[in-house]
Amino acid sequence: MRPDVVTLERSFDYLVPDKWREDGRAELIAVGSIVRVDLAGRRVGGWVTEINPETNASKLSPLQVLTGMGPPPEIIDLAKWAAWRWAGSEVHFLRAASPKRAIRRLPKINQATQTAPQFDTGITTLQLPPNDDGIDIALQAAQTGQALIVVPSLWEANRFAKAFRQKKIPVALGNDDWALAAAGATVIGAKSAVWLPMPNLTAVVVIDEHAEVHQSEKTPTYNARDVALERARRAGATAVLVSPIPSLEAQQLATPKSPTRASERSGWPLTHVLDRRKDDPTHAGLLSSDLRRHLDTPGTILAIVNRKGRSRLMACKDCGQLVRSSDGQTPMILNDDELYTPDGSETRPVVCADCGSTTLKNLRMGVTRVVKDLTAFVGEPVTEITATTKLSKNLSPRIFVGTEAALWRFDSAAVVVFLDFDQELLAIRQRSAPQALALLARAARLLMRNNPAGSLIIQTRQPDHPVLTAALKGDPRIVSNLEREKCQTLNLPPFGAQARISGIGAPDFIDSLKKNLTTDSDMKILGPANDSYLIRAPDHQTLLDALAAPPRPTTRLRIEVDPLRI
């Protein structure tokens, strides 16, 4: 039995009580069953991992409670693999694979009619333009038997499920339908859906496989695409990766199949690049004069700026000095009529530390300030979109401002405007170019869904950047070819492996790791920088075996294997 305790990396033996044999509960015990036991003076939950182990039964404590069904044996094995693959605890994955409520029996469902597979065996990568959301591919997969359909968001999961039910295909929608999944229904959901039980898995489809939302930010930071592919491999099922901009990982697994260039280009929206190189950056602000004519378009308009608050960078209007902390090292942020450092360590009134002036100017606006300026610019109400904003079809404003998260709050739009796209193009990140293109692809999906005449507006001082050329031509290969060359040269994923180590326990863990490395090791340990270390290795086997060797410190430790933002 594996206790539901992260710090206990082992299993314990327990005895099935005689009373359970008499009342029939013993017959319900199976590998994966969820039980409760007494352990070290307290009662904890856990999972049965083995039945009838070779042990001295006379010295065993009895099981206390049979909660119900849990992850089947193949998921327990998958959790062990995932714990190695993402250098985490098996318990985290077993929790994700367990039902939210006690389940003692499974429902009966009508299985989908099986047809001949529409895909090649193994892995297929499909490069479909943004106007094709992959739902037809997913429906084909469901006709082969029990399918796993992984989508980027819960909203899309509900939309896919509705289409499936109209076709009379049994659907398990996320963990709430755990029992339906275990009974053989097709599973549709976001990243956590990859952990649901699927006894008859025949096909796996990952929609927008490139999307960062498929990666869990919680420890362990697993990628749902990779878990889904491993499930397909173990079950001998077909796997299809669908994306308008296939990642290098997907391209390495299978050469992308794509439509004709004419079809692909027509699947991207009309794109306008507003060149701001001649605008004075200290006076022009975020709203260019050319932008006004694009905001008269009827329908929903989304304005995206990836900065919260009122201002993320300010300068004194009188002396021109940047507004910084008292040590001169950190730019200060304006919000609620107060200046503060991003970490909150220093605050002060709105005043220049160099000349004492109280008149400051925005060099880099945040969302809150953009809402105010855009309202004056267009002469109508503008709404800020946050994680708590409730959307309804009866909303009176038609213009919304938010960070990139707003792109996942809407199902369609008439215009999407990136007010400061240089922030994405100039980001100091390994994957900045494909991540920037991913934002444009997501915006394109919203524009092409219900309104092929929608417009994508991009304000920039780098109009010739390859990312923008790719969007204008509807040809993501322009970016992926450059990225492939860079990653191969630098041995970056997927042509190498890396992990970021952070937390209070990071120095001790790194010291232990270094002791295990030989002088001829291919691994490199970089840092610390920003309180974290970066470990690079030629492949995952080398990296993950090394991470598994040292003991884990008792203090907080965070290990991110293949982090997306670094």
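Hi everyone. Two strands count as paired if DSSP finds at least two bridges between them, and that is the idea to hold on to for the first part of this talk. One caution before we go on: this is a predicted model.

Let's start with strand 6, residues 146-150. On one side, strand 6 is joined by three bridges to strand 8, residues 186-189, and the two run parallel. Within that pairing, I149 has I188 of strand 8 as its bridge partner. Strand 6 also pairs with strand 9, residues 201-207, through five bridges, again in parallel. There, the residue standing opposite A147 is A203.

So how covered is strand 6? Five of its five residues are buried. Q146, L148 and V150 point one way, while A147 and I149 point the other way, and all of them are buried.

One of those residues takes us to the next topic, the nonpolar cores. L148 is among the residues with the most contacts inside the largest core, together with V194, W195, I501, L543, L547 and V561. That core has 61 residues. Its largest share, seven residues, comes from helix 2, residues 73-85. Apart from it there is another core, of 31 residues, including I245, F400, L440 and A471. As general background, nonpolar side chains in soluble globular proteins tend to be buried together.

Let me finish with V561, and what does V561 touch? Leaving aside residues up to four places away in sequence, its contacts are R85, W86, A87, Q215, T221, Q498, A499, H540, L543, L544 and L547.

Conventions:
Residues are numbered from 1 along each chain as its sequence is written. This is a predicted model: local features need pLDDT of at least 70, side-chain atom pairs count only at pLDDT 80 or more; totals for chains, interfaces and linings use all residues. Side-chain values use heavy atoms; hydrogens and water are left out. Buried means under 20% relative accessible area, exposed over 50%, partly exposed in between (1.4 Å probe, protein chains only). Helices (H or I, at least four residues) and strands (E, at least two) are DSSP runs, numbered from the N terminus. A nonpolar core is a set of buried Ala, Val, Leu, Ile, Met, Phe, Trp, Tyr and Cys residues joined through side-chain atoms within 4.5 Å. Contact means heavy atoms within 4.5 Å.
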